[in-house]
Amino acid sequence: MTDALISVAGLGKRFDGGTVEALSDLSFEIGTGAITGLVGPDGAGKTTLLRLLAGLLDRDEGVMRVCGLDPRSDAAPLHAQLSYMPQKFGLYEDLTVLENLDLYADLRELGGPERAERFETLLAFTTLGPFTGRLAGALSGGMKQKLGLACALIRKPRLLLLDEPSVGVDPISRRELWRMVQDLVDDGIGVIWSTAYLDEAELCGRVLVLSEGRMIFDGPPGGMTAPLAGRAFRLTGVETGRRRILGDLLTRADVVDGVIEGADIRLILRPGSEPGALSEGLTGARMVPVPPRFEDAFMDRLGGVGKERSPFRNGARADGNPGKSVIRSDRLTRKFGDFVAASEISFNVTEGEIYGLIGPNGAGKSTTFKMLCGLLKPTSGSATIAGFDLGQSPSKARGRLGYMAQKFSLYGDLSVRQNLDFFAGVYGLSGAARRTAISQMIDTFELGELLGQDAGSVPPGHKQRLALACAVMHHPDVLFLDEPTSGVDPRTRREFWTHINALSDSGTTIIVTTHFMEEAEYCDRVGLVYAGNMIAEGSPSALKLRAGDPDITLEEAFIHLVETSQSGGVAP
Amino acid sequence: MSRQAAPGRFNARRVRGLIRKEVRQVLRDPSNFVVAIILPALLLFLFGYGVTLDPRHYELGLVIEQPTAETGSLAAAFTNSPFFEVQIAQDRRQLEPALVAGDLHALVVVPAAASARAYGGQTAPIQVIVDGSDPNTANLVLGYVELLWANWLEQQSIGHGGMIAPPPISIEHRVWFNPELASRNYLVPGSIAIILTLIGSLLTALVIAREWERGTMEALLATPINVAELLIGKLAPYFLLGMASMALSTVLAVTVFGVPLRGSIWVLTLISAVYMLASLGQGLLISTLTRNQLVASQVSILSAFLPAFYFSDFVFEIDSMPVALQWVSYIVPARYFVSSLQTVFLAGDIWPVILPDTAALGLVSAVIFTVTLMRTRTRLD
């Protein structure tokens, strides 16, 4: 036995009677002294690994010691030494803050004067003191997260497992939580923090990177990005058509990966490539070296982005009229009782533009989004979609828009073909128009071979293609995307955005809501929504500049802008 | 840090904490009140007032082919009966369409020669045509018609100085336990069984499935809790809730519906407690296996509520079921409970009924709890 807090060798776990391999052949050791990041997209196996470590699942292969115990046979003594905060924090939403603490204190047998003392410490640590009587369900995402942490810390554990503690929480609370957990590490507690946000990984002392149940990296985050030194660039000064340029660049053999980043294009080159070759023929464009990021490294390790062009590149409608306003929101306001969910939200989106409504959960972006889709009646203000006033002709306006929901909202037990048929019917397509539309979608998205398969069983990338096909089958003027790629692995996300970029090029106006800042970078312009208000609007680069530094992430810019708006600085 | 008891050992503080949490949740969630208070009251009122299995006002067509003084008094006997609404005609063809259309439950035809033959000491043939599409009603109507006919014959024979053949056997009715034969008196105790089934199986299955769905079970299981603590922490509050609901139902049954309570409160409490355990055990088992509120509610309706309704002698008589179904009824806990409840309410503390019922219930509970304990793990898989 070693001194390590966790030691794992040859760990494997299968589900569904052994047919689905969730984790295979993991070996690592973890000690104290730093936050260990467990990093990977949804479905990579992060939660399964944490549950195995916590003794909540039993392994199929390998050996593991956690706090010197075997989670399989010594679950009870192990639970006395470790704390686990599951996704959604494991709180009882119908109990108050104090009642939640009470419960966990009882479960961990903490009584007497120590209990009161510990509560006081935790409430001070989490700044939840003034809210002890509030129901946990009525707390903001950030406060829930802190309460979840407090419940996990009722007794100081040796090991703290946090499963996606920062999902959907606003960037400011995220940063606060990070600091709190850092304090715990300094106090000698071992911490594993799982996350699908690759940017969060850069802050960890050590990362385990999972992809499809396998560990693709184990070490300090710097080690992950080191091989990319000198290979990450920003193509800046591109005047117009950066999405089309990106589409062309991605087909080149010397480009591993590329994404839109505000007004620029971020590119990762193959080792030994000549960066100058990429800006050739583009007037005014320059390649600027940038520090590589974790996501770049992740993509590099997975072999880079696919080389296919989007079928939408030769989109049906190139007769666009850029500059024409397609979506206009005029002081949209929605109140629920006394609570103002959205307050005087105004913005314009022009044809072919990709516009992002960005903000943490509960900020008011979904409310705004629902009003724009005509699903929710505004308390005051108005909106037009493709020239139709939502207040006067909501069904006409809705006929001009396509919608793709956050989660896979197709019928998983219908075949791909049946899904297409169904959505064609929903959009009122019939006869020849319906046949044409469906066959067009099958050709465009190369769904031909999958037609007979259940939509639920096709690979994630194809699911997304199908969902997109169902949303754009009736050639909408406006496409609404609700957190289309949050948590999705970067490769699938890139494929998806290739299609979105091409759609936008062919004149479709796109509006995205997301709390996922990486997604926001792909937008032409974003509106930052916070506590029901639009606190800033502009291109991602402009917002970064306004926050004082063009090289920061959009998330950092967001935090800065929120803080300025709170301290009375008025965002113009 | 305070001393921590050996992990995995049963700990009263943990159980107390769990119970307190559960009670707080129950008190805070109005839907629990609906299930524990409103629903029982509603069911009792429904079965106490709304549903009655007592025969009333059957639609009867009476065809008297040749009116005479005797047929006149027969017609009067039918018309005066509280069981029938009578339409009279001289020709069956006038009333047959109504029978076909379902407007009449039965048609009684008194042929021209009937009274003459009867007075001649022969069998008097009257014809009864019954709508058999609802066999229960058909049997009841047939029985009432026969009874009425026999009574009438008897009266006539007294009036005519014994000229008519007396019926071969004379039947004296005496009804024990429920002299008015009011169906309410056995429906109300029966519906108490249904109420406890709902609280025990459905509510319990739902609250535990909810914990799985919301991810709080995962957080609970990661603490040093053990299976016994978890089960007791979950069972105790709902046991008490069920018993409170039982008390409420009993008070309503006795005061509002005038159902007699001839047995003792203690026996009533004892059998209810044992039944509650069986029912809770079933709820626990369902939620442990399904972990999903929708599936849990469907499974508990199918496996607990409906059997309690059909196989408990509550509404449907087990003795008149096919033998195979009668055997099925032996594994339905509600069967024993309804039998005991009806006994305690209507007859008293009849130990030869209550003891075997309680023993059977105890056995069922023991089996269910053993399975539940085996299936419940402090693990997710």
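The model is predicted: local features need pLDDT of at least 70, side-chain atom pairs count only at pLDDT 80 or more, and totals for chains, interfaces and linings use all residues. Residues are numbered from 1 along each chain as its sequence is written, while chains are lettered from A and ligands numbered from 1 in the order in which they are written.

Chain A is divided into domain 1 (6-219), domain 2 (226-305), domain 3 (314-400 + 478-566) and domain 4 (413-475). These bounds come from an automatic or database domain assignment.

An open sheet in chain A has four strands in the order 11-12-10-13, with antiparallel pairing. Helices (H or I, at least four residues) and strands (E, at least two) are DSSP runs, numbered from the N terminus. Strands pair if DSSP finds at least two bridges between them. Strand 11 (255-261) and strand 13 (286-289) of chain A are the edge strands, each pairing on one side only. From one strand to the next, the twist averages 25°. Strand 11 of chain A runs antiparallel to strand 12 (residues 264-269) of chain A, and six bridges join the two. Glu261(A) stands opposite Asp264(A) in strand 12 of chain A.

Two helices lie across this sheet. Helix 11 (residues 294-301) of chain A lies across strand 10 (232-236), strand 11 and strand 12 of chain A, at about 145° to strand 11. Axes are lines fitted to C-alpha atoms, for helices over the stretch in contact; angles run from 0 to 180 degrees between N-to-C directions.

The centres of domains 2 and 3 of chain A, taken over C-alpha atoms, are 26 Å apart. In domain 2 of chain A, 14 residues are in contact with 13 residues of domain 3 of chain A. Contact requires C-beta atoms, placed from the backbone, within 7 Å. Helix 9, strand 11 and helix 11 of chain A each supply at least two residues of the domain 2 side. Helix 9 of chain A gives the largest share, four residues.

The contact between the chains takes 32 residues from chain A and 30 residues from chain B. On the chain A side, helix 3 of chain A provides the largest share, six residues.

Chain B holds 14 helices and four strands.
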